[in-house]
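The sequence and structure come first.

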Amino acid sequence: MGTIETEANPNLVGVNVTPNEVQQPVQLDSNATLPNKEVMIFVLGGPGSGKGTQCSMIVEQLGFCHISTGDLLDTEIKSGSENGTMIQNLKSKGELVPTGIVVKLLMEAMKNSTNKKFIIDGFPRNMENLAAAQKIMKLEPVLVLFLECSQEVMIERILGRKQGRVDDNSETIKRRIEVYCESTLPVISYYRSKGMVEMINGEKPVEEVFDAVKAAVSKLKLGISRKNSQEF
């Protein structure tokens, strides 16, 4: 298996998915609003492409609030809730969690942050997520960082990290990569068609990858600092 191709597919770009197609629509009360957003950056890439590592460095050196959908889901699992049990079952099979649950957790995390410079890790993962981001959450990123990585490297990294995650076994890893190719690459193609994607070679050493990330973010001229950095 080689590097995953991400050239925009004319059959995928601009796919119209409405909020009604979200598996579990988000129920918002009358007071539910997102904070005023200064900036929103999405970080996308396959499992093991280095999203978490790079986001941690962005928080430390560039002063963003990092919101990881994976961490939010893991926290929900640990809570012992009914949704947590469902999330764990889906993750053990390498499947995606329903959009409604992800959106609800993201909105809560964003509302609780005093830092309005967000780096969102692992969202949107499919076109349904994208529809929810645009039409329910009203999110529009100023930049999408795409960490490119071959399937061989992703598998090697995941098997080597030994974090004891429920979805870090060879069978589930294979399914996670299949889901990524089927579901997330169309999202990247969509954002590429809008000229919003910065392609980053995720196979290089960590510091070299971060140099490329910093260069991409610096183009935005955000006036960022470290003092407001946060992790969720």
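Methionine 40 in the structure stands opposite phenylalanine 118, a residue of β3. The model is predicted, so local features need pLDDT of at least 70 and side-chain atom pairs count only at pLDDT 80 or more, while totals for chains, interfaces and linings use all residues. Residues are numbered from 1 along each chain as its sequence is written, and side-chain values use heavy atoms, with hydrogens and water left out.

- β1 and β3 run parallel and are joined by 5 bridges; strands are DSSP runs of E of at least two residues, and helices are runs of H or I of at least four, both numbered from the N terminus.
- β1 also pairs with β4 in the parallel sense, over 5 bridges, where pairing requires at least two DSSP bridges between the strands.
- Isoleucine 41 stands opposite leucine 143 in β4.
- Because 7 of the 7 residues of β1 are buried, the strand is largely enclosed by the rest of the structure; buried means under 20% relative accessible area, exposed over 50%, and partly exposed in between (1.4 Å probe, protein chains only).
- Val39, Ile41, Val43 and Gly45 cover one side of β1, and Met40, Phe42 and Leu44 the other, with all of them buried.

**Nonpolar cores**

- The largest nonpolar core has 38 residues, of which Ile67, Leu106, Ile120, Phe123, Met137 and Tyr191 touch the most other members; such a core is a set of buried Ala, Val, Leu, Ile, Met, Phe, Trp, Tyr and Cys residues joined through side-chain atoms within 4.5 Å.
- Elements giving two or more residues to this core include β1 (39-45), β3 (117-121), β4 (143-148) and α7 (170-193).
- α4 supplies the largest share of this core, 8 residues.
- Another core, of 18 residues, lies apart from it and has Cys55, Phe64, Ile200 and Val209 among its members.
- Tyrosine 191 is in contact (heavy atoms within 4.5 Å) with Phe42, Pro124, Leu130, Pro141, Val144, Met196 and Val197, leaving aside residues up to four places away in sequence.

**Helix α1**

- The 12 residues of α1 (residues 51-62) should span 16 Å at 1.5 Å a residue, and the end C-alpha atoms are 15 Å apart, which agrees; the expected span is 1.5 Å times one less than the number of residues.
- Buried residues of α1 are Lys51, Gln54, Cys55, Met57, Ile58, Val59 and Leu62.
- Glycine 63 follows α1 and has a positive phi, near 75°.

**Cysteines**

- The structure holds 0 disulfides, a disulfide being a pair of cysteine sulfur atoms within 2.5 Å.
- Cysteine 65 is buried, with a relative accessible area of 0%.
- Cysteine 181 counts as partly exposed, at 26% relative accessibility.
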